[in-house]
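Biologist: I'm new to this one. Can you put it up and walk me through it?

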Amino acid sequence: MPEKLTEAAARKALPPVRGQSMLWDAEVKGFALRVTPGGAKSFVLDYRAEGRQRRITIGAWPDWTVAAARQTAKDMKREVDLGHDPMGERQAQREAPTVQEMWERYAREHLPKKAERSQADERMMWEKIILPRFGKMKVAQITHDDVDALHRDITEIRGTPVRANRTVEVLRKAFNLAIRWKWRDDNPASGVRRNQEEKRNRYLNRTEIAALAQALNDHSEPMSANAIKLLMLTGARRGEVLGATWEMFDLENGVWTKPSAHTKQRKLHRVPLSGPAVQLLVEMKAAAKAKAEAEGVPPSPYVFPGPTGKPLTEIKRTWVSVCRRAGLGAEVPVLDAKGKPVLDRKGEPKTEFKPNVRIHDIRHSFASILVSAGASLPLIGQMLGHTQVQTTQRYAHLFDDPLRKAAETVGAFVLQRSPEEFSANEAEQK
């Protein structure tokens, strides 16, 4: 006949020679103290759920008192009466996917749909920021506060507010997929307040373009320098240039046909090349052919092959070098993850050169040159491969000067004065 379990009974319970011994409680049916041959004692609860016999471990004695374990057993039995299965839920929780597993499926099923540059950027966000923080946590455990705190830390500690926004965007997409996969019911990345972003519209002037071109001509690494030259001559995106293959170019007719897989808009983009761009490519192709023949190997299919034979993936070091030579930037302090200056061995603050122009600003500058040459917004959009009018609309303000000159021509005609005289009088009034 079972007796009510007490602390004294638990203390006196002797280990069996083999198997397990059970001291059943008279007060709560199915509640017992289990003793192993090694002397380990723990509280368990036996119950039935959906026709299956279950045994769930509550906790070890003496970490758990008899009274605390009994109360937990009562609570579990109430949950069973309401149709729950504590053991099944515990197993489901143990087997629930982690954020690491969410990333692995995201990388398999979603990431390949993006451009190579975007893939590399997102992979870095996951590996450097998201997984070190959330990787071992269950997908269902992540809360809105967790994501908000990550966004805040990237903003304040790393000092990269735009990166913080991008990280949350990636997480929002991943959790939307997790909802579709039935891994959770809501999205903890939704509703996180974004940092305000200032649109950067930097355009290189003629003097800066000339200085940059000279620095590229003098650079010791022609492969990456030529990649930047082609960016300047075509206004193409970095990924389009670095991933270009020779078969995309019709150098005889001066045409570059970018396959849909290589463009951001995922559409084939056919664009004419200028004479200087064709000349650069012809010289590069001849040099690559001569080099391959000298080495006794077939020429690379890539316009800009890297040391491993695959296309170049990064030209940042060359960009910083030529910007330094062209005077496009300044020395700034090196800061650690907490935003404090990093010191050298002599205790002096370290500095690094930071360009005041981005590689992508070359694309903006290409558009500004087209504007000054009288090109229309639709034509600029076609040259840059834009599929939406609003994307090209960012360059509309560049038309102010040519439009003003046109308006002054009309004004001068009406007032019977020359446009130059009209402009001079307007300048004096200002």
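Biologist: How many helices and strands are there in the protein chain?
Modeller: The protein chain has 17 helices and 9 strands. Helices (H or I, at least four residues) and strands (E, at least two) are DSSP runs, numbered from the N terminus. This is a predicted model, where local features need pLDDT of at least 70, side-chain atom pairs count only at pLDDT 80 or more, and totals for chains, interfaces and linings use all residues. Residues are numbered from 1 along each chain as its sequence is written, and side-chain values use heavy atoms, with hydrogens and water left out.

Biologist: What share of the residues is buried?
Modeller: Of the 430 residues in the protein chain, 39% count as buried. Buried means under 20% relative accessible area, exposed over 50%, and partly exposed in between (1.4 Å probe, protein chains only).

Biologist: OK, strands. What does β1 pair with?
Modeller: Strand β1 (residues 21-24) pairs with strand β2 (residues 31-35) in the antiparallel sense, over 4 bridges. Two strands pair if DSSP finds at least two bridges between them. L23 has L33 of β2 as its bridge partner, and S21 has V35.

Biologist: What about the turn in that hairpin?
Modeller: The hairpin of β1 and β2 has 6 residues between the strands, and G30 takes a positive phi near 90°.

Biologist: How many residues of β2 are buried?
Modeller: 5 of its 5 residues are buried. F31, L33 and V35 lie on one side, with A32 and R34 on the other. Both faces are covered. In a regular strand the side chains alternate between the two faces of the sheet.

Biologist: New topic. What's the order of the open sheet of 3 strands?
Modeller: The order is β5-β6-β7, with antiparallel pairing. The edge strands are β5 (249-250) and β7 (269-272), each pairing on one side only. Strand β6 (residues 255-258) pairs with β7 over 4 bridges. K258 stands opposite H269 in β7.

Biologist: Now helices. How do α8 and α9 pack?
Modeller: Helix α8 (residues 206-218) and helix α9 (residues 222-234) pack at an angle of about 150°, with their axes 9 Å apart. That makes α8 roughly antiparallel to α9, because angles over 145 degrees count as roughly antiparallel.

Biologist: Which residues make the contact?
Modeller: I209, L212, L216 and N217 from α8, and A225, I228, K229 and M232 from α9. Contact means heavy atoms within 4.5 Å.

Biologist: And the loop between α8 and α9, is S220 there buried or exposed?
Modeller: S220 is found in that loop. S220 is exposed, with a relative accessible area of 71%. S220 and T318 are 98 residues apart in sequence and 9.3 Å apart in space, C-alpha to C-alpha.

Biologist: Last one. Is N165 buried or exposed?
Modeller: N165 counts as buried, at 2% relative accessibility. N165 is found in helix α7 (residues 161-180). Not counting residues up to four places away in sequence, N165 touches H151, R194, N195 and E197.

Definitions and conventions:
Axes are lines fitted to C-alpha atoms, for helices over the stretch in contact, and angles run from 0 to 180 degrees between N-to-C directions. Angles under 35 degrees count as roughly parallel, over 145 as roughly antiparallel, 65 to 115 as roughly perpendicular and the rest as oblique.
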